Amino acid sequence: MKTTSAQIRAVVSNQREIAWRSPRLARLLVAAVAVVLVARVFSQQPATAQASQSTSIPDVKCVIGLETFKPDTKGTLSLLPTGLEFATGKNKADITTASIQDIFTGEESRQDVSGTAGTVAKLAIPYGGGRIVSLFSHGVELLTVDYADSNGGLHGTIFVLPPGRATELRNQLIAQGANVTTHVEPPEAKEQKP
């Protein structure tokens with residue numbers, strides 16, 4: 001049996017194709033393993049970063065209740081392993097978890113246009129258009145913490161937080177062991193038929 005040049009070319013091309021596919025498959029396998037490893041590393045990294053950091057919320061307003069701060073002071077509220085810390089550039093106040101007697105949360109709506117300047121701006125818009133400015137409001141959450149000081153005196157402080165953060169802090173404080181009473185919502189009034 002004679003081997004033709006066409007058969008030799010076919011064998012050579014098959015060998016080249018096999019040689020080409022092997023490194024290509026090896027590279028593809030290596031790339032797939034690398035993608036899996038990178039995905040695993042990145043999926044584990046945020047969880048460990050969150051566990052090591054304390055929860056800090058900037059631009060929180062302390063409405064009232066902390067002795068070392070004036071009313072309506074803005075600062076950073078942090079959840080530490082020992083409790084809450086409210087701090088500005090100069091001062092800080094701590095509320096330990098063991099001293100907390102109760103925690104309340106609530107949602108409110110707040111207008112961005114307020115005060116004397118806001119009132120003047122509303123009056124300056126003709127044909128009652130100032131009322132439309134009052135519609136631009138956004139939700140906030142209130143966190144009220146009742147606590148006892150080192151002398152046994154009872155205090156309460158109110159913080160204004162972004163939506164969703166007050167409930168999160170409340171749950172974390174409860175997990176740390178803060179005393180909280182169960183708050184029961186009153187049932188809705190049922191309409192009676194005449």
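Which strands each supply at least two residues of the lining of the largest pocket? Strand S4 (92-96) and strand S6 (137-148) do. Before going further into that, a word on what we're looking at.

This is a predicted model, so to speak, with local features needing pLDDT of at least 70 and side-chain atom pairs counting only at pLDDT 80 or more, while totals for chains, interfaces and linings use all residues. Residues are numbered from 1 along each chain as its sequence is written, and side-chain values use heavy atoms, with hydrogens and water left out.

**The overall layout**

The chain has four helices and seven strands, where helices (H or I, at least four residues) and strands (E, at least two) are DSSP runs numbered from the N terminus. Walk along the sequence and the pattern reads α-β-β-β-β-β-α-α-β-β-α. Of the 194 residues in the chain, 21% count as buried; here buried means under 20% relative accessible area, exposed means over 50%, and partly exposed is in between (1.4 Å probe, protein chains only).

**The largest pocket**

Back to the pocket. On a 1 Å grid over the protein atoms alone, a pocket is an open set of points where a 1.4 Å probe fits, with protein on both sides within 12 Å along at least five of seven lines, and lining residues have an atom within 4 Å of a point. The volume of the largest one is about 250 Å³, taken as the space filled by probe spheres set on the points, with grid points joined across faces, edges and corners.

Its lining has 13 residues, and those nearest the centre are Asp94, Tyr147, Asp149, Ser150 and His155. S4 gives the largest share of the lining, four residues. Sorted by class, the lining has five nonpolar, five polar and three charged residues. For that sorting, Ala, Val, Leu, Ile, Met, Phe, Trp, Tyr, Cys and Pro are nonpolar, Asp, Glu, Lys and Arg are charged, and the others, Gly among them, are polar.

Tyrosine 147 and isoleucine 103 are 44 residues apart in sequence, yet their C-alpha atoms are 8.9 Å apart in space.

Helix H4 (residues 165-176) has twelve residues and should span 16 Å at 1.5 Å a residue; its end C-alpha atoms are 17 Å apart, which agrees. The expected span is 1.5 Å times one less than the number of residues. Which residues of H4 are buried? They are Ala166, Leu169, Arg170 and Leu173. Looking down the axis of H4, these buried residues fall within an arc of 100°, so they line one face of the helix; the arc is that of the directions from the helix axis to the C-beta atoms.

| Salt bridge | N to O distance | Relative accessible area |
|---|---|---|
| Lysine 92 and glutamate 85 | 3.5 Å | Lysine 92: 55%; glutamate 85: 15% |
| Arginine 165 and glutamate 168 | 3.4 Å | Arginine 165: 24%; glutamate 168: 31% |

In the pair from H4, glutamate 168 and arginine 165 are separated by about one helical turn because they are three residues apart in the helix. Arginine 165 is partly exposed, and so is glutamate 168. In the other pair, lysine 92 is exposed, whereas glutamate 85 is buried.

**Positive phi angles**

Most residues other than glycine have a negative phi. Aspartate 59 has a phi near 55°, a positive value in a residue other than glycine. Aspartate 59 lies in strand S1 (residues 55-64) and is exposed, with a relative accessible area of 59%. Aspartate 72 is not a glycine either, and its phi is positive at about 60°. Aspartate 72 lies in the loop between S1 and strand S2 (73-80) and is partly exposed at 48%. Just after H4, glycine 177 takes a positive phi of about 110°.

Conventions. Salt bridge = Lys/Arg side-chain N within 4 Å of Asp/Glu carboxyl O.
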